[in-house]
Amino acid sequence: MRGDAAGQGAGAGRLDAARLGAEPGERASLVQFSTAFCQPCRATRRILAEVAGMVDGVAHIEIDAERNLALVRALGIDKTPTVLVLDAGGRIVRRAAGMPRKADVIAALGAAM
């Protein structure tokens with residue numbers, strides 16, 4: 001996963017359960033923005049769920065981009081899938097658009113913890 005917190009959007013701040021619509025992980029969270037018609041989103045879902053299942057305290061949260069337009073706009077999400085890696089405090093430490101490689105997700109998770 002390339003990038004860092006730069007470019008996260010002016011209204012990003014910290015992402016908590018209220019903004020995410022789900023409880024974040026104790027140690028980190030993998031947040032995926034998807035749409036129903038997005039083929040790469042399905043593969044991304046499998047990769048992120050697998051990685052989250054490997055590491056205690058990590059949650060995978062999938063957000064329907066079409067149903068959460070205010071959050072999408074606040075974060076500057078313009079493509080699905082987009083993956084945000086959050087640290088325990090809900091701060092975005094990495095972000096990437098497109099289907100990530102499993103090794104890159106694991107590396108980005110390491111930066112968040």
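The legends below describe several close-up views of a predicted model.

**View 1**
Among the contacts between residues at least 6 apart in sequence, 72% join residues at least 24 apart.

**View 2. Strands S1 and S2 and the helix that connects them.**
Strand S1, which covers residues 28–34, and strand S2, which covers residues 58–64, run parallel and are joined by seven bridges. In one of these pairings, Gln-32 has Glu-62 in S2 as its bridge partner. Between the two strands the chain passes through helix H2, residues 39–54, and the β-α-β crossover made in this way from S1 to S2 is right-handed.

**View 3. The disulfide between Cys-38 and Cys-41.**
A search of the whole structure finds one disulfide, and this bond joins Cys-38 to Cys-41, with a distance of 2.2 Å from S to S. The torsion about the S-S bond of Cys-38 and Cys-41 is about 90 degrees, and the disulfide is therefore right-handed. Because residues under 20% relative accessible area count as buried, Cys-38 is buried at 6% relative accessibility, and Cys-41 is buried as well, with a relative accessible area of 0%.

**View 4. The surroundings of Cys-41.**
Cys-41 is found in helix H2. When residues up to four places away in sequence are not counted, Cys-41 touches Gln-32, Phe-33, Ser-34, Thr-35, Thr-80 and Pro-81. For Pro-81, the separation along the sequence from Cys-41 is 40 residues, whereas the distance in space between Cys-41 and Pro-81 is 5.2 Å, taken from C-alpha to C-alpha.

**View 5. The largest nonpolar core and the residues around Leu-84.**
In soluble globular proteins, nonpolar side chains tend to be buried together. The largest nonpolar core of this chain has 15 residues, and of these Leu-15, Val-31, Phe-33, Leu-75 and Leu-84 touch the most other members. The elements that give two or more residues to this core are S1, S2, helix H3 (69–75) and strand S3 (82–87). Apart from this core lies another, of 14 residues, which includes Ile-47, Val-58, Val-105 and Leu-109. Leaving aside residues up to four places away in sequence, Leu-84 touches Leu-15, Ser-29, Leu-30, Val-31, Phe-33, Leu-75, Ile-77, Ile-92, Arg-94 and Arg-95.

**View 6. Ala-74 in helix H3.**
Ala-74 is found in helix H3. The relative accessible area of Ala-74 is 19%, and since buried means under 20%, this residue counts as buried. The C-alpha atoms of Ala-74 and Gly-13 are separated by 9.3 Å, although these two residues are 61 residues apart along the chain.

Technical notes:
Residues numbered from 1 in each chain as written. Predicted model: local features only at pLDDT ≥ 70, side-chain atom pairs only at ≥ 80, totals over all residues. Heavy atoms only, no water. Disulfide = S-S within 2.5 Å. Buried < 20%, exposed > 50% of the residue type's maximum accessible area, 1.4 Å probe, protein only. Pairing = 2+ DSSP bridges. Helix = DSSP H or I, 4+ residues; strand = E, 2+ residues; numbered from the N terminus. Right-handed = clockwise from strand over helix to strand, strands pointing away. Contact = heavy atoms within 4.5 Å. Core = buried A, V, L, I, M, F, W, Y, C linked by side-chain atoms within 4.5 Å.
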